[in-house]
Amino acid sequence: MEALGDSMKVVVKVFRRECHRVLDSERTTIHGADGMHMVLQLAMAEVKKQRGGEFKVALSDVLMAWKHLLLDKLHLPPPDSARLENYDLIREAYDSFLKHSNTVDLLDIFSMYKQLRLADSDPDEPVSPIQMFEFLSGNMEVSGLPDSSVPSTPSSSQSRRCSSQVKMAVRRVFCSYLSLLVNAKNDMASALTLDVPDRALGRQAFTDVKHAAQNDNTSLFLAVTSFVRAIQLGGKGYAPAESDPLRKHVKGLSDFVQFIDNLEEILGEVPDPSVCGAKLVTAIRSVLVKGRSSEDAVYAAAEETTTELKERVRQLHLIQRQSADGSGTGISPARPKAYAVNHATAYGGRDTVKVLMALLDEDALKPPCRNKADLLSEDQPVLSGAEGTCILTLFRSPEVSTGCSPEPLRNRVQSRLDLLKPKAEDKVIRSQFACTYKDEELPLNRVLEFPSTSQVPSCVHAAPKPKTPPAVDEETTTGCHICFCSVSIFPDVPTSTSENKKQSSEQRGVALGPRSGNAQHGLAGSRKKTGARMQNKGNKRKQVDSDQQGGSENEPPQKKQPTSVSVKVPGKNVGKTSSKKKLIAGQGKLTSFFRV
């Protein structure tokens with residue numbers, strides 16, 4: 001019915017012209033039949049959650065509540081079926097969402113028409129309540145209104161249904177971006193555009209934004225904008241706290257606000273509404289098709305929607321120019337001063353805002369979607385990210401992990417058994433300096449027992465460092481007796497010094513054995529102290545005699561105290577102190593290792 005379409009346009013026009021009398025804002029946007037369905041679905045899910053249930057609602061319950069809502073707000077007789085449970089709470093949540101978002105629905109406009117119309121110029125009742133009920137129920141065909149939905153018939157192919165659903169979702173995103181330029185408090189538009197295109201703002205980010213808006217008692221878009229502005233412009237005392245949950249999503253929220261700022265800049269700088277509207281639609285289209293091929297369904301839907309919106313903006317601008325001599329749509333034609341706050345958008349974009357509001361009003365007058373499952377189900381087309389643009393899924397808080405493993409019991413037991421299995425040790429090729437490694441311990445029998453003197457010492461346990469007894473050199477004009485360490489090199493010549501050293505060696509248990517392979521040749525060649533010192537250096541390179549076998553040679557090098565040399569001179573007894581060269585740490589082990 002073409003007359004019904006024109007009558008609906010008259011109702012909306014009167015509302016735009018006189019809305020300042022009943023509303024606080026002139027930029028209040030209108031929810032059409034599809035928007036009313038989505039708001040009702042959210043209200044029912046919220047009431048169910050408050051009553052202790054899950055944030056879910058069946059499609060059949062939404063359709064039943066929709067019928068009750070239409071009859072109640074149109075003041076028609078209630079249905080024959082029983083009254084819906086918790087209907088009063090659902091109606092209260094529905095009206096609260098509309099008021100908080102600075103929006104109204106078609107039923108509110110119809111109820112306000114009698115109060116806003118002018119008695120001498122406007123018709124008395126252009127649309128009856130029965131006609132409004134049939135129109136919103138989808139039982140009446142209206143030819144005078146735009147209809148972008150494709151009815152789902154049994155003959156329709158699956159690809160056509162998918163393409164129509166994608167086109168409907170893409171057009172909804174275009175209108176949501178334009179609606180944010182008109183009404184920044186529209187939470188439904190903010191939810192549909194926050195993560196479209198993909199900005200890495202999933203359900204968790206939306207939940208954090210929703211909680212921040214509830215705490216500040218503001219809209220979703222204003223909560224995001226205030227947070228980003230505080231990050232960008234706030235000083236040390238005004239920046240958000242480090243514990244703010246929104247700090248985890250700074251990049252995505254900043255990209256969203258930056259894109260809206262770009263749209264507002266276009267709105268304020270381009271004075272011609274036709275050109276400005278075309279640029280706005282083109283900017284939205286560019287971010288939607290970025291990174292997509294021309295064969296993608298979203299790409300084709302975005303191209304088609306862009307062409308339709310550009311043409312419709314141009315037509316609406318021509319219509320408003322023809323009727324520019326009157327009061328127009330109710331927005332005051334008087335422009336603010338150039339020095340006013342935010343004068344760029346207010347001055348340059350005022351005519352464009354009127355065109356955008358007329359475009360959004362026409363979109364709200366579209367007949368409802370025939371297939372409610374395409375509109376309200378959670379299986380929505382994926383425009384960005386990994387999930388569809390379902391309003392119910394977005395407003396549902398993500399599930400908190402309970403700590404239980406989602407894996408089956410068999411998989412958990414098998415993973416535990418794999419951890420308990422012994423791991424095979426890799427065979428590593430050891431170098432020639434393996435005796436200096438401490439990464440693994442040798443058996444105790446190899447540490448304490450040595451079958452022969454040629455066995456490589458491999459003890460890694462530090463042994464106590466025994467004190468070396470002083471050595472005595474006896475030098476006379478006719479001969480001298482020189483003792484090194486604790487054993488005399490002349491066993492046939494007993495001395496008191498060697499006897500004392502044997503007793504001290506027995507008390508200590510373990511002492512270093514003499515390394516005196518070349519000692520006799522040194523004594524035979526020279527009786528001087530310089531010869532004794534050279535001979536002592538050569539003794540370090542030799543092995544002990546067979547009768548001195550034991551564990552003395554396998555001990556680590558020890559710091560030897562300076563020995564006292566007693567020189568016997570007829571009539572004199574002179575004591576001197578001689579020092580031996582100290583060994584480097586590990587030199588004794590390496591030397592013994594290479595002697596094998």
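Let's start with a pair of helices. Helix H12 (residues 273–288) and helix H15 (residues 350–364) have axes that come within 9 Å and cross at roughly 65°. Helices here are DSSP runs of H or I with at least four residues, numbered from the N terminus, and each axis is a line fitted to C-alpha atoms over the stretch in contact, with angles running from 0 to 180 degrees between N-to-C directions. This is a predicted model, in which local features need pLDDT of at least 70 and side-chain atom pairs count only at pLDDT 80 or more, while totals for chains, interfaces and linings use all residues. Residues are numbered from 1 along each chain as its sequence is written, and side-chain values use heavy atoms, leaving out hydrogens and water.

Which residues in H12 and H15 meet? Pro273, Cys276 and Leu280 come from H12, and Asp351, Thr352, Val355 and Leu356 from H15; contact means heavy atoms within 4.5 Å. The residues of this contact divide into 5 nonpolar, 1 polar and 1 charged.

## The nonpolar core

The largest nonpolar core has 116 residues. Such a core is a set of buried Ala, Val, Leu, Ile, Met, Phe, Trp, Tyr and Cys residues joined through side-chain atoms within 4.5 Å, and buried means under 20% relative accessible area, using a 1.4 Å probe and protein chains only. Met132, Leu136, Val170, Leu253, Phe256 and Leu263 touch the most other members. Helix H7 (residues 158–182) gives the most to this core, with 11 residues.

Take a look at valine 170. Not counting residues up to four places away in sequence, Valine 170 touches Leu288, Val298, Ala301, Ala302, Thr305 and Leu383. Threonine 305 sits in helix H13 (residues 297–322) and counts as buried because its relative accessibility is 0%. Beyond its neighbours within four places in sequence, threonine 305 is in contact with Val170, Arg171 and Phe174.

## A helix with a buried face

Helix H6 (residues 129–137) has Met132, Phe133, Phe135 and Leu136 buried. Seen down the axis of H6, the buried residues fall within an arc of 165°, taken from the directions from the axis to the C-beta atoms, so they line one face of the helix. After H6 comes glycine 138, whose phi is positive, near 80°.

## Tyrosine 94

Leaving aside neighbours within four places in sequence, its contacts include Met36, Val39, Leu40 and Ala43. Tyrosine 94 and leucine 42 are 52 residues apart in sequence, and their C-alpha atoms are 8.1 Å apart in space.

Technical notes
Helices (H or I, at least four residues) and strands (E, at least two) are DSSP runs, numbered from the N terminus. Ala, Val, Leu, Ile, Met, Phe, Trp, Tyr, Cys and Pro count as nonpolar, Asp, Glu, Lys and Arg as charged, and the others, Gly among them, as polar. Buried means under 20% relative accessible area, exposed over 50%, partly exposed in between (1.4 Å probe, protein chains only).
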